[in-house]
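Have the model open beside you and try each task before reading on.

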Amino acid sequence: MDYKNIYIEEENEIAVVTINRPKKLNALNKQTILELHEAFKELDEDNGIKVILVTGSGEKAFVAGADISEFAHFSEEQGGELAAKGQEILFSFVANLSTPVIGAINGFALGGGLELAMSCHFRIASENAKMGLPEVSLGVIPGYGGTQRLPQLIGKGRAMEMIMTAGMIDANKALDYGLVNHVVPLGELLPFCKKIASRISNNSAVAIKHAIKAVNAGYSYDMDGYAVEIGAFGQCFGTNDFKEGTSAFLEKRKADFPGS
Ligand code: COA
């Protein structure tokens with residue numbers, strides 16, 4: 001697929017996906033959502049990519065939300081379809097990806113932008129970042145998982161306040177809330193994310209895939225996270241990565257995981 005609204009850079013087993021509609025503050029229109037789906041799918045299938053970072057182009061916005069101009073005239077039915085399709089191909093898709101995804105929040109992360117960041121496995125923000133779910137100020141609610149993921153990450157009361165006020169919080173408040181794991185100066189955001197990504201990439205990709213599955217199961221209403229963990233733990237024993245990881249430890253050398 002030829003990408004118009006995103007671009008991908010790859011270096012040392014780390015891919016950086018940049019959403020590139022700076023004049024629209026990287027708002028997620030339909031085309032961008034389709035491109036992101038394709039990019040995440042391709043990168044997840046690429047065994048040479050161990051970690052994916054997602055960020056926005058420019059110095060102002062990560063993503064300023066879903067593109068309001070595209071849905072302002074939608075009917076009830078179209079609104080429901082918009083949320084369902086978006087969750088299926090992007091937001092839940094990213095949350096359940098086998099490859100770790102880190103959200104590098106470099107500015108405004110609003111509405112669908114914060115929902116995309118919350119779909120990532122964890123988030124790191126620059127000092128200038130601002131986050132919020134402003135949907136009720138538009139007469140709608142967060143529809144890309146925001147009403148579920150925000151309370152999971154920061155607690156119900158704080159999430160209710162953020163959603164009801166439609167207000168923004170700054171990066172330090174987001175850190176205090178546990179919405180982001182670290183806050184760094186804007187110029188250091190990608191290098192810092194890459195440093196963490198590189199630590200992740202030294203570990204077993206197969207084990208990480210199972211860990212993501214088990215953690216996510218605990219947040220799913222129809223799964224027993226403990227049972228999923230037991231199953232995934234057992235499956236690890238059948239992998240070449242487990243043989244390599246345990247042998248390397250016993251032989252006092254650094255593991256070189258085959259990724260199978
Ligand atoms: N959808 C569509 N276009 C958007 C957008 C969105 N979510 N967010 C920003 N844009 C566009 C603006 O319409 C403007 O386009 P224009 O130059 O063609 O008029 C451009 O991006 C720049 O935005 P602007 O509002 O001029 O920048 P600002 O610095 O004054 O304000 C924000 C920045 C983020 C506070 C403001 O753009 C905003 O409130 N955006 C909407 C946020 C939102 O409600 N998101 C949730 C959607 S569900």
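**Exercise 1. At what angle do the axes of α1 and α3 cross, and which residues meet there?**

Solution. 
1. Start with the axes: those of helix α1 (residues 30–45) and α3 come within 9 Å and cross at roughly 35°. Axes here are lines fitted to C-alpha atoms, for helices over the stretch in contact, and angles run from 0 to 180 degrees between N-to-C directions. Helices (H or I, at least four residues) and strands (E, at least two) are DSSP runs, numbered from the N terminus.
2. Next, the hand: α1 passes α3 in a left-handed crossing. A crossing is left-handed if the near helix is turned anticlockwise from the far one by less than a right angle, and right-handed if clockwise.
3. Now list the partners, taking contact as heavy atoms within 4.5 Å. Ile-33, Leu-34, Leu-36, His-37, Phe-40 and Lys-41 of α1 meet Ile-89, Leu-90, Phe-93 and Val-94 of α3.
4. Sorted by class, this contact of α1 with α3 has eight nonpolar, one polar and one charged residues. Ala, Val, Leu, Ile, Met, Phe, Trp, Tyr, Cys and Pro count as nonpolar, Asp, Glu, Lys and Arg as charged, and the others, Gly among them, as polar.

A word on the ground rules: this is a predicted model, in which local features need pLDDT of at least 70 and side-chain atom pairs count only at pLDDT 80 or more, while totals for chains, interfaces and linings use all residues. Residues are numbered from 1 along each chain as its sequence is written, and side-chain values use heavy atoms, with hydrogens and water left out.

**Exercise 2. Which residues of α5 are buried, and what do they pack against?**

Solution. 
1. Apply the cut-offs: buried means under 20% relative accessible area, exposed over 50%, and partly exposed in between (1.4 Å probe, protein chains only).
2. In α5, Gly-146, Arg-149, Leu-150 and Ile-154 are buried. They cover an arc of only 105° around the axis, so they lie on the same side of α5. The arc is that of the directions from the helix axis to the C-beta atoms.
3. These buried residues pack against α3 (76–95), α4 (112–119), α6 and α7 (171–177).

**Exercise 3. Work out how α5 packs with α6 and with α4.**

Solution. 
1. The axes of α5 (residues 146–154) and α6 (residues 156–165) come within 7 Å and cross at roughly 135°. The two helices are therefore oblique to each other: angles under 35 degrees count as roughly parallel, over 145 as roughly antiparallel, 65 to 115 as roughly perpendicular and the rest as oblique.
2. The crossing of α5 and α6 is right-handed.
3. On the α5 side are Gly-146, Thr-147, Leu-150, Pro-151 and Ile-154, which meet Lys-156, Arg-158, Ala-159, Met-162 and Ile-163 of α6. Their classes come to six nonpolar, two polar and two charged residues.
4. Turn to α4: α4 and α5 pack at about 55°, with axes 10 Å apart, and are likewise oblique. Their crossing is left-handed.
5. Here Glu-115, Met-118 and Ser-119 of α4 meet Gly-146, Arg-149, Leu-150 and Leu-153 of α5. That contact has three nonpolar, two polar and two charged residues.

**Exercise 4. Which residues other than glycine have a positive phi, and are they buried or exposed?**

Solution. 
1. Recall the background: most residues other than glycine have a negative phi.
2. One case is Asn-26, with phi near 60°. Asn-26 sits in the loop between β2 (14–19) and α1 and is buried, at 0% relative accessible area.
3. Another is Ala-166, with a positive phi of about 60°. Ala-166 belongs to the loop between α6 and β9 (168–170), and its 18% relative accessible area makes it buried.
4. For a glycine, look at Gly-155, which follows α5 and has a positive phi near 100°.

**Exercise 5. Where is Ser-57, and what does Ser-57 contact?**

Solution. 
1. Ser-57 lies in the loop between β3 (51–56) and β4 (61–63).
2. With 9% relative accessibility, Ser-57 counts as buried.
3. Leaving aside neighbours within four places in sequence, Ser-57 is in contact with Tyr-7, Thr-18, Ile-19, Asn-20, Arg-21, Pro-22, Asn-26 and Asn-106.
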